[in-house]
Amino acid sequence: MADPARTRIGVAVDIPEPWGALLTRRRAEAGDPQAAYTPAHVTLLGPTEVDTDALPAVEKHLEAVAAAQPPFTIHLRGTGTFRPITEVVFVTLAIGISECELLAEGITRSADIHRDSRFPYHPHVTVAQDVAPEALDAVFDDLAGFSARFPVSSFTLFSHGGEGPWQPRRDFPLGS
């Protein structure tokens with residue numbers, strides 16, 4: 001049972017259509033069960049527990065982070081992997097890396113967000129995770145020529161109650 005005093009949040013840039021559905025569908029075809037709960041996105045803050053009472057302060061902090069970052073472009077191109085460290089295949093960012101890094105760094109400066117990450121931040125779009133090696137190889141090869149370019153004018157705060165998909169909580173416009 002979830003602790004009502006704590007809320008699990010995440011912050012991400014959604015991948016717009018038609019690319020978001022395509023990447024989410026390809027993740028599902030690889031057998032990754034997370035595809036049903038997590039649409040294609042670039043993570044800015046991975047799943048993190050915060051005090052439920054702190055959510056208004058977290059949202060105020062996210063407003064300030066978003067306001068300080070002008071809109072930018074993401075260009076997704078090709079695939080990468082974290083293997084052999086973790087069994088993950090992803091679509092890479094060719095443009096937009098620095099902007100995502102700045103946003104991620106700003107978000108974690110909140111006094112209410114305490115996150116110990118096992119790995120350094122690397123913006124990407126996960127397309128297969130913890131599936132059979134053959135499925136990882138197939139996704140890596142299938143999406144090697146993938147390319148999408150789109151403007152980013154906001155990021156989204158999501159929450160998760162422990163079951164079902166992540167729920168969008170609020171969008172934060174950039175440069176406002």
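Helices (H or I, at least four residues) and strands (E, at least two) are DSSP runs, numbered from the N terminus. The model is predicted: local features need pLDDT of at least 70, side-chain atom pairs count only at pLDDT 80 or more, and totals for chains, interfaces and linings use all residues. Residues are numbered from 1 along each chain as its sequence is written, and side-chain values use heavy atoms, without hydrogens and water.

**The pocket**

A pocket is an open set of points on a 1 Å grid over the protein atoms alone, where a 1.4 Å probe fits, with protein on both sides within 12 Å along at least five of seven lines; lining residues have an atom within 4 Å of a point. Lining the largest pocket are 41 residues, and Thr43, Gly46, Pro47, Arg115 and His124 lie nearest its centre. At least two lining residues come from each of β1 (6-14), β2 (41-51), α3, β5 and β7 (154-160). The largest contribution, 6 residues, is that of β2.

| Lining class (largest pocket) | Number |
|---|---|
| Nonpolar (Ala, Val, Leu, Ile, Met, Phe, Trp, Tyr, Cys, Pro) | 17 residues |

Four strands form an open, antiparallel sheet in the order β5-β4-β3-β6; two strands pair if DSSP finds at least two bridges between them. Because β5 (124-129) and β6 (147-152) are edge strands with a single partner each, one side of each has no neighbour in the sheet. β3 (residues 72-81) pairs with β6 over 6 bridges in the antiparallel sense, and threonine 73 faces proline 151 in β6.
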